[in-house]
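Please keep the sequence and the structure in view while reading.

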Amino acid sequence: MKDLARLLGTLDPGAGLADRHVWLIRLFEWIRGDRTSVQAAVARVQAFIDAVQRQPELRARLQAWWATLTRTVDITPLLADFGFAPRTAFVSELAERLRRKLLPGTPETLDASELFPLVATARFDVQWMSALEESQVDQLTALLSADPARDTQDWHYSLMDALTYCTAQIRATGFAPELRLRMNRASPHARAFHALPADVQELRTAFFQPVPDEAALQHAVRQYRGRLDACRQAVNSIYAHLEENGISLGMVFRLRQLRARMLRQRELLEALLSPKPAMAALKLLARRVTIAQESKSIGALISANSTLLSAKMAERSAETGEHYITRNRADYKEMLGKAMGGGAITALTTLLKFMVVGIGLSAFWSGFWSGVAYAGSFILIQLLHFTLATKQPAMTAPAMAAKLKNIDSDESTATLEDFVDEVTHLVRSQVAAVFGNVFMVVPAVLLVNAAIELALGRPMIGADSARHVLESLTLLGPTLLWAAFTGVVLFSSSMIAGWVENGFVLHHLDSAMRHNPRFTAVLGSERAARWSVFMREHISGFASNISLGFMLGLIPAFTGFFGLELELRHVTLSTGQLAAAGASLGLEALRQAAFWWSVASIPLIGALNLGVSFYFAFRLALQAHNVSKLDRSRIRSAIWARWRRHPLSFFIPR
């Protein structure tokens, strides 16, 4: 109570702008206390009320202070625009949140949306505000207002101004070309945004007319609400378009902002029509506290706006991943053959890698040209329709998760069994791919080494380089850590592939290649059409292979610059390097423990490459399909049950 007495003693309605606002900040700090008890905070509010009621002179000062505050501070931005991005762009909002985190705010402001976060700084404020009883709110209203009727009218004008401002923002966003052109023009709601200004003006006229007309007001309210619903239906038609034609982070951000503003409109309209203005105002302020806390999080911004894009990327990966899953013996043999072809190409990749290292370039250029060699080899594997085992998991995981769309339906048991079948198919496919790659890369490297020895009289690599390979691949070193990190890199390349393919579709680049006069003038119409189809089919693979190749080559160079010495361990490439080292050392390698420790690391590298990339891709796909934690537990139980009953089904096709 001594703190309250000192606080009330410093109340000065004639103080400067910043000092008046600092007093309000300190009042809220006193009410919050140590933030351990909501009831204690409510009791402090009641103590404040009682203290002011007992002192008429203090009450007069408080009312004068409140009148000055409401007259000088514009509350409309707090009601209408608080929590929304100043520009309808994801990057600008991200920069704004970073600015608010790094730079302090000032209470010397006329904008209530800037002052409010300094006053209500914690989620605890929502709790004690919501716990206030109606009688306490009425007492506060009586203490603050010398003319309750006039203050209520001013509040209604502020709410109506906020509605008008919000309506203008919704209309402007609805007219944005990237949204308007994607709306369903055949829908009866396609032109709903055009009439919004007239509707809100009619609502203003009906609400503030000198002689109240309840029928006219209700008609205006129904018309306005119906128009907002029509706008919402028009926005929903955009999502159907995005399913077919790609999506962007900026577009998702605009759509989320638009839908949030529509919800804000409903909130403001309810407050305007409420028979208890003080309680409606308290509810709005409590909601603003929550919005203030949510608008601080950068992670929440990225997560909320990237979910739909991630879902689309997962869906596109699922379309590709279906080709990597074998479901019968014929598919299994075909996968084995493609994997052996991929292993043979990887032998040439190993040779190119050692050639680049042997030149002795600087770290960056060595990594760059290694990336070129990797990317070129991976693209060759793609064009020859061969398979690189580690590219599969990040593609097949979304394809499997797509089987879980109906897991909450009445047929969830059958859906779950079908999914477990897919797991067994996938594991068999991975086993076949890894075995084919590793089985073929070893003799292919030995063959390349023999050809070099015949031509040049020396092995592919020298003895020192061979021993370095054994030291780097040994199981006794950080090999498994690097293998797990490589799994993350493999997952990242698949996400890049989905992002690039989504952009290719979003910007209609296949159509541009087919019809753009510059392309057709150079290639001819028929060839341009063939290139269009070719790029649409292969753009995802090109993006994945090029990004993976350069990450494998450049990540060690960049991390080495910072002294981290981060390496990558790809199972097929590591096997090829080990085979080259063994060929260089000859039978002597079989007598070295380092050789056998390196051999022992190969299956574990493969398991970590596959497992980590599959885990991240599958988790993303589960989030994209909104699979609950309970359903995930059912999935794990079903897989373990199948493992106990038929373990061989995970390795050998029936």
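Is H538 buried or exposed? H538 is buried, because its relative accessible area is 13%, where buried means under 20% relative accessible area, exposed over 50%, and partly exposed in between (1.4 Å probe, protein chains only).

The model is predicted, so local features need pLDDT of at least 70 and side-chain atom pairs count only at pLDDT 80 or more, while totals for chains, interfaces and linings use all residues. Residues are numbered from 1 along each chain as its sequence is written, and side-chain values use heavy atoms, with hydrogens and water left out.

**Overall composition**

- The protein has 28 helices and 0 strands; helices (H or I, at least four residues) and strands (E, at least two) are DSSP runs, numbered from the N terminus.
- Of its 654 residues, 48% count as buried.
- Among contacts between residues at least 6 apart in sequence, 82% join residues at least 24 apart; contact means heavy atoms within 4.5 Å.

**The surroundings of H538**

- H538 is found in helix α25, which covers residues 525–561.
- The side chain of H538 reaches the backbone oxygen of F534 at 2.9 Å. This is a polar contact, defined as a pair of N or O atoms within 3.5 Å; within protein, one must be able to donate a hydrogen and the other to accept it, and residues adjacent in sequence count only if both atoms are side-chain atoms.
- With neighbours within four places in sequence left aside, H538 is in contact with Q382 and L383.

**Nonpolar cores**

- In soluble globular proteins, nonpolar side chains tend to be buried together.
- A nonpolar core is a set of buried Ala, Val, Leu, Ile, Met, Phe, Trp, Tyr and Cys residues joined through side-chain atoms within 4.5 Å.
- The largest nonpolar core has 45 residues, and those with the most contacts inside it are L8, W23, L27, W30, F48, L62 and W128.
- Helices that each supply at least two residues of this core include α1 (2–9), α4 (56–72) and α15 (277–294). Helix α3 gives the most to this core, with 8 residues.
- Not counting residues up to four places away in sequence, L62 touches L11, W23, F48, V52, L143 and L144.

**Packing of α3 and α9**

- Two packed helices are described by the angle between their axes and the distance between the axes.
- The axes of α3 and α9 come within 10 Å and cross at roughly 35 degrees. Axes are lines fitted to C-alpha atoms, for helices over the stretch in contact, and angles run from 0 to 180 degrees between N-to-C directions.
- The crossing of α3 and α9 is left-handed, a term used if the near helix is turned anticlockwise from the far one by less than a right angle.
- Residues making the contact include V42, V45 and F48 of α3, together with Q136, L140 and L143 of α9.

**Helix spans**

- Helix α22 (residues 479–506) has 28 residues and reaches 40 Å from its first C-alpha to its last, close to the 40 Å expected at 1.5 Å a residue. The expected span is 1.5 Å times one less than the number of residues in the helix.
- Helix α12 (residues 196–208) has 13 residues and reaches 19 Å from its first C-alpha to its last, close to the expected 18 Å.
- Buried residues in α12 include L196, V200, L203 and F207.

**Residues with positive phi**

- R35 is found in the loop between α2 (17–32) and α3 (38–53), and its phi is near 65 degrees, a positive value in a residue other than glycine. R35 counts as partly exposed because its relative accessibility is 45%.
- H385 lies in the loop between α18 (363–383) and α19 (393–401), and its phi is also near 65 degrees. H385 counts as exposed because its relative accessibility is 53%.
- Just after α22, H508 takes a positive phi of about 55 degrees.

**The loop residue T109**

- T109 has its place in the loop between α6 and α7, and T109 counts as buried because its relative accessibility is 7%.
- A polar atom of the T109 side chain lies 3.1 Å from the backbone nitrogen of D111.
- Not counting residues up to four places away in sequence, T109 touches L17, H21, V73, E114 and L115.
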